[in-house]
Amino acid sequence: SVTQSFEAQYDYDKLVQIVQQLKSPLSMKMTALETASASATQQDVQAFIAEVQKTPPPAPRLALMRRLNQATDTAHMLERISLAVTKGFANGMAAAMDKTPPAPGEIEAAIHQQAAANAEMIESAALLRNLFTYRTATDAELQAYVSCAETDLGRWFTTVGTNALIQAYGDMTTRMGTKLADIAKSMPRKPKPAAPEPTPSSAPQ
């Protein structure tokens, strides 16, 4: 569960430091930007991407965003979320349908292969998303925020949060898979159409 995931990595001293950081004006502003970004419409995001493609951000801004992606391990996080969703759904469906779940490592290998093939696209998508999320932050604010994310404490907090998020996705999709399988089993099955009667062959002359 999410609670167990958090408890397994619990560190009181680090948590106290994180709480203090989250109360800072910088953290509060960045949290507000992240919250606003999560509720942004697809049209807003697409309009921003079109503007970025027309007028790319300055190199220093891009460098900061790449550092943030690396510190938060964004691309790997997206791969792990995809794995948790796919694995949870497949296992939930298999359990409810009394089927054998996928072999250990089977889904992992497929997701990893897909992520490797689309690594450049995933990195680009993560970069664009962060550019959109923090578009109103100044370079100085981003520099300070990225520096915090690059510390051992920042990386610990990212790991704890990511693991809890992935656990939540896995639990949710397992329940969804089970529910959908239960619905599928409860639905009446359509009778198979009757096989056509064979046409009698002509008698030999």
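A pocket is defined here on a 1 Å grid over the protein atoms alone, as an open set of points with protein on both sides within 12 Å along at least five of seven lines. Grid points are joined across faces, edges and corners, and a volume is the space filled by probe spheres set on the points. The largest pocket has a volume of about 1100 Å³. Its lining comprises 35 residues, and Glu34, Thr72, Tyr134, Tyr145 and Thr158 are the closest to its centre. Lining residues have an atom within 4 Å of a point.

The model is predicted; local features need pLDDT of at least 70, side-chain atom pairs count only at pLDDT 80 or more, and totals for chains, interfaces and linings use all residues. Residues are numbered from 1 along each chain as its sequence is written, and side-chain values use heavy atoms, with hydrogens and water left out.

The protein chain contains 10 helices and zero strands. Helices (H or I, at least four residues) and strands (E, at least two) are DSSP runs, numbered from the N terminus. Of the 205 residues in the protein chain, 28% are buried, that is, under 20% relative accessible area with a 1.4 Å probe, protein chains only. The accessible surface of the protein chain is about 13800 Å², by the Shrake-Rupley method with a 1.4 Å probe. Carbon and sulfur atoms hold 60% of that surface. Among contacts in the protein chain with a separation of 6 or more, 89% join residues 24 or more positions apart. A contact requires heavy atoms within 4.5 Å.

Two or more residues each come from α2 (12–22), α3 (25–38), α5 (59–72), α6 (74–96), α8 (119–133), α9 (139–149) and α10 (152–186). Helix α3 gives the largest share, eight residues. By class, the lining holds 19 nonpolar, 14 polar and two charged residues. Ala, Val, Leu, Ile, Met, Phe, Trp, Tyr, Cys and Pro count as nonpolar, Asp, Glu, Lys and Arg as charged, and the others, Gly among them, as polar.

Gly88 lies in helix α6. Gly88 is buried, with a relative accessible area of 5%. Beyond residues up to four places away in sequence, Gly88 touches Leu83, Gly170, Thr173 and Thr174.

In α9, Leu142, Val146 and Ala149 are buried. The buried residues of α9 fall within an arc of 55 degrees seen down the axis, so they line one face of the helix. The arc is that of the directions from the helix axis to the C-beta atoms.

Definitions and conventions. Buried means under 20% relative accessible area, exposed over 50%, partly exposed in between (1.4 Å probe, protein chains only). On a 1 Å grid over the protein atoms alone, a cavity is a set of points where a 1.4 Å probe fits but cannot get out, and a pocket is an open set with protein on both sides within 12 Å along at least five of seven lines; lining residues have an atom within 4 Å of a point.
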